[in-house]
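Good morning. I will go through one complex today, starting with a sheet and ending with the confidence scores. Please have the display open.

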Amino acid sequence: MSAVNDMNQAQAVESVLLEAVNLALHYEMEHDESVVLLGEDVGTNGGVFRATSGLKEKFGFKRVMDTPLAEALISGMAVGMATQGLKPIAEIQFMGFIFPAFEHLFCHAARMRNRTRGRMSCPMVLRAPYGGGIHAPEHHSESTEALIAHTPGIRVVIPSSPARAYGLLLAAIRDPDPVVFLEPKRIYRGSKQTINNNGQALPLDTCFTLRQGTDVTLISWGACIADTLEAADKLAEKGVSAEVIDVATIKPLDMRTMLTSVVNTGRCVIVHEAARSFGVGAEIAAQISEKCFLNLLAPVQRVTGFDTHMPYFKNEHYYLPNSEDIVAAVDKCFREA
Amino acid sequence: MKALKHPQISEQGHSHLMDFSLQKIQFLDADGNWLTARPDFASDEWLVQSYKNMVRTRVFDSKAIALQRTGQMGTYPSSLGQEAFGVAIGMSLQKDDVFAPYYRDHAAHLLRGHKMSDLLLYWGGDERGSSKGPKQDFPVCVPIATQITHAAGAAAALKIKNQDQLAVVTIGDGGTSKGDFFEALNVAGAWQLPMVVLVNNNQYAISVPRDIQCGAPTLAQKAIGAGIHGVQVDGNDVLAVYQAMLEARQRAQQHKGATLIEAMSYRLCDHTTADDASRYRANEEVKEAWKNEPIKRLQSALVNLNLWDSEQEQAWQTQCSDEVDKAVEEYLKTEKDTPESMFDHLYEDWPEVMNEQLDLLADKLSRQQTH
Amino acid sequence: MKYFKLPDLGEGLSEAEIVEWHVKVGDTVKEDQLMVSVETAKAIVEVPSPQSGVICTLFAEPGDVVHIGEPLVEYEGEQDDSGTVVGDLSLSAKQESKDDFIVGSAHSQNNQSVIKATPSVRALAKRLEVDLSHIKPSGEDGRITTNDVEKAARLNFDKGQSESLKGVRKVMAKNMAASHAQVVPVTLHDDADVHGWFTKGNPTQDITMRLVHAIKQACVAEPSMNVWFDGEHLTRRLLTQIDLGIAVDTEQGLFVPVLRDIGQRSLDNLREGLNALRGAVKSRKIPPQEMQGATITLSNFGTLAGKYANPVVLPPQVTIVGAGGIRDEVVAFQGQAVVHPILPLSVTFDHRAVTGGEAARFLSVMLEDLTKASVEN
């Protein structure tokens, strides 16, 4: 515990994604009294993944609340708190358990500003670990960001690195509208990066270009970014220069960055873990086809999970996209050119 | 509930409306001494069998933890210290009852006829582990408390079909905070459903202790709000839980509706094998709780009745170990299911449009083979 | 791991009594070292340490009963934390630890070289062997239409394939266009009477070197013709050194190697230098530096054909001299009509930077020098 506190005093901190989330929460709770946390096991236990570690000790039980076991309650209370001048950050323990929270997200958080014509707003953040790949029991590996992104009035943000987790979470907390912040648990404890703990937020509603390239645009987010970058390396060995774009804010999409890239490369592969049909990739592909049709040298490809439930973990790796799948999709782009 | 016939009205306009009361059931104290006469159902055979069932559960449970620790099985929620709860349920379930478990009901599952190796398969990440068992029973339920509303539906179906059986459903203390729990209890009361809800109050919902989970002094009294019968039992006394089940069945069969049973117990283990409870609870508390554990007290009672001795203990331990070892062998031998199986059982009929995805899987597999 | 808890002792035993500790607080223990003896209902069991470490707490005394899962000892150091309640986070994907990223797009928004065409048009172009980058799009949003492709194909068929310019030809096309867009060219034409070169006893004149010499003299007399001019910032750099670009014609196109510092070198030396440059151009081994940095240029097209010209000034230079072919002409000389060899001369200058007077003076010095029978080396 003391190591955590020392960490939070320091300026430049080596952090994995999970620790970056914790850093951002510490920073913002320190600097903004209206920020409060609520969720199951977030206080004494510091969260089942330790994302909220050290916060109850520092800020007390009135700002870090261990709630009864009830997701509808958590999101409903967050709506209530947010309209009354607080900035609640609610945690849903796993995305698989977010569904009772949907009613308040879609019927209320997403609409509060709109139906009161701006009189009331809902500056809340709903955080949830999401995605598969840690050999968890069923229901603990869900990737249903498309369901949320389909609803107007909500932002959906997914970081793919410690630095972006830090900056985007700060932005999400400061944003005056509801944000669902999905943390890819498969990379919670990936590599460490140096985070400058200066409270600097990254912009929402924009993609990040992680690699520049000229031959194909690879679009992804979350844990799949690791596989996408690996694929870009493999492609470079074959002489194919791939541009890698991290969407980061799933809703609203920064189509301008993605379209500019595809205009320049003429080829596009979208990678996501979630099921294929009706996924976020489908929306991006539709927009690219609509607006870059004249620049495309090959159809837009999608590398995704299947239209099945995430299998129990013995067969998990047959479901999750990997870098070989991505390289194969890029090969297809060139064959059809 | 008792309403007085001649209410007196106070200066502030108040008059007494009604009283509520709750009862508790217990037969044996923590040391195995009888607090009252032996109930009729507690024959010598019954006592010995219930004891053996609890021991068998614990042997299986220990082995399951060991398998997880050695990387041969996934995350597993132990039932250490909560064997009486499940054994009593398992022994009282009838063939055509509908059982809707949560995820810590290994004791009841074993008595319901599930193979040990199937339980291991499920926690080992293989869907085939939840494919067996009585066809009307629900599989393990992970989304908390949703099994209660399912049980209410099952109970309604039983009632509609004029069947005599019960829908029996379990839940933890944490789960009683969920909307599903209240909604299901409520309809059970409104429709007089033949449902029995058993709460395994083991005092913890991961790290959240019982006293901040709910402000009421008991969970059993949530029944009152739903208009159904509620009772608290000593959850570490297998006879108490069994008695409550008998009464619940009688109640339902007499068309007097549902029952909520709060079984008081203690989670002597971590929430799951990935959890570490020492982060949030003091060891002294756990030490104290061991004094109340279910197996020790029944063993004392049996020994006092000359129904059990160390030789029998030894023999039974060995028999259970052998059974578990065989089950582990079978589990470890089981080849994991094919990748294509992930497409099975999505719908009854196979939608043709999905053929394309089978092709995608075939491509993916051919790439994995070459690497 | 910080705490070591009493492990499952097997045989359904759930508790054990501490008999004797073999270690004490502060001891350093090795993995597998015997730590404590405990007594179960069956036997006395020796419990080894699962790891190496330093003991900082013992949780029970001899005679105490400990249950499985309860802590026995605490080691110094940080608690091992699985950091989850399900699954295994150590299966985390490897990530890059370096994380350079650009917010938004890496490209400029308006890339003019992008070709817009529908997939069917692209496929048609491929079939008809038409290079899309050669076509001027006629579609209103800048797209290449089917019609465009078909016209291009017909043109290729009737008139021959269009080929993309490469190398020096491409550079020339770009440079000339750029010059035309910027420079304000004015040309002065005149003739040099070079009959003096052919007097008896005079060695044969190296025509190119005579031109080089004349340019040198003219630059010295009129330095404003040997400058670099920046039309955008309106600056003029007076250059002390004269580096003369000499146009060389080859199959591949026009090369302009640079004879450095003609003001300080002998004509013999310059001739050697020019030959070397010519050789390098011919063998296509000339490095790019040798063609950069000219301060004034000479185009001696007269070696092939032509009299006068308006050669193109190459910015940042302001002057280019064009020399036509020496030919016999009937001229008026000392009141008589005679036949003399005449060298036609053209000087084009950039009137943004140079005045007519400066150019005229430059030209007159050139003419005077060229008229001499011979000059010093």
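Predicted model: local features only at pLDDT ≥ 70, side-chain atom pairs only at ≥ 80, totals over all residues.

Which strands of chain A does helix α11, residues 280-292, lie across? Helix α11 of chain A lies across β10 (216-220), β13 and β14 of chain A. Relative to β13(A), the helix runs at about 155 degrees.

Helix α13 of chain A, residues 323-335, lies across β10, β11 (242-246), β13 and β14 of chain A. The angle between α13(A) and β14(A) is about 160 degrees.

Now the sheet itself. It is an open sheet of six strands, and the order is β14(A)-β13(A)-β10(A)-β11(A)-β9(A)-β9(C). The pairing is mixed. Which strands stand at the edges? They are β14 (301-305) of chain A and β9 of chain C; each has a single partner strand, so one side of each has no neighbour in the sheet.

Take the β14(A) end of the order. Strand β13 of chain A, residues 268-275, is joined to β14(A) by four bridges, and the two run parallel. Within that pair, A:V271 is opposite A:V303 of β14(A).

At the other end, β9(A) pairs with strand β9 of chain C, residues 102-103. Here the sense is antiparallel, over two bridges. The residue opposite A:T209 is C:I102 in β9(C).

That brings us to the contact between chains A and C. How many residues does each chain put into it? Chain A gives 41 residues and chain C gives 32 residues. On the chain A side, β9 (208-211), α9 (224-237) and α10 (255-265) each supply at least two residues. The largest share of that side is from α10(A), with six residues. By class, the chain A side has 20 nonpolar, 15 polar and six charged residues.

Chain A also touches chain B. That contact takes 36 residues from chain B and 30 residues from chain A. On the chain B side, the elements giving two or more residues are α7 (210-213) and α13 (355-369) of chain B. Of these, α13(B) has the largest share, five residues. The chain B side divides into 15 nonpolar, twelve polar and nine charged residues.

In chain A, helix α2 (residues 17-31) and helix α8 (residues 162-174) have axes that come within 8 Å and cross at roughly 35 degrees. The crossing is right-handed. From α2(A), the residues in contact include A:L17, A:A20, A:V21 and A:E28; from α8(A), they include A:P162, A:A165 and A:Y166. The contact of α2(A) with α8(A) has twelve nonpolar residues, no polar ones and one charged.

In chain B, helix α2 (residues 83-92) packs with helix α9 (residues 238-253) at an angle of about 40 degrees, and the axes are 8 Å apart. That angle is why α2(B) counts as oblique to α9(B). This crossing, too, is right-handed. Among the residues making the contact are B:F85, B:I89 and B:M91 of α2(B), and B:V241, B:Y242 and B:L246 of α9(B). The count here is eleven nonpolar, one polar and no charged residues.

The other chain B pair is helix α4 (residues 116-123) with helix α12 (residues 310-333). They pack at about 50 degrees, with axes 8 Å apart. Again, this makes α4(B) oblique to α12(B). The crossing of α4(B) and α12(B) is right-handed. B:M116, B:S117, B:L120 and B:L121 of α4(B) meet residues of α12(B) that include B:E323, B:V324 and B:Y331. Sorted by class, there are seven nonpolar, one polar and two charged residues.

Chain C has a sheet of its own. Four strands form an open antiparallel sheet in the order β1-β8-β6-β3. Its edge strands are β1 and β3 (28-29) of chain C, each pairing on one side only. Strand β1(C) and strand β8 of chain C, residues 71-75, pair over three bridges. C:F4 has C:V73 of β8(C) as its bridge partner.

Last, confidence. Chain C averages a pLDDT of 89, and 95% of the residues score at least 70. Where in chain C is confidence lowest? In strand β1 (residues 3-5), at a mean of 82, whereas strand β18 (residues 319-323) is highest, at 97. For the complex, the predictor gives an ipTM of 0.86 and a pTM of 0.80.

Notes:
Residues numbered from 1 in each chain as written. Chains lettered and ligands numbered in written order. Contact = placed C-beta atoms within 7 Å. Nonpolar A, V, L, I, M, F, W, Y, C, P; charged D, E, K, R; others polar. Pairing = 2+ DSSP bridges. Axes fitted to C-alpha atoms, helices over the stretch in contact; angles between N-to-C directions. Parallel < 35°, antiparallel > 145°, perpendicular 65-115°, else oblique. Left-handed = near helix turned anticlockwise from the far one by under 90°. pLDDT = per-residue confidence, 0-100.
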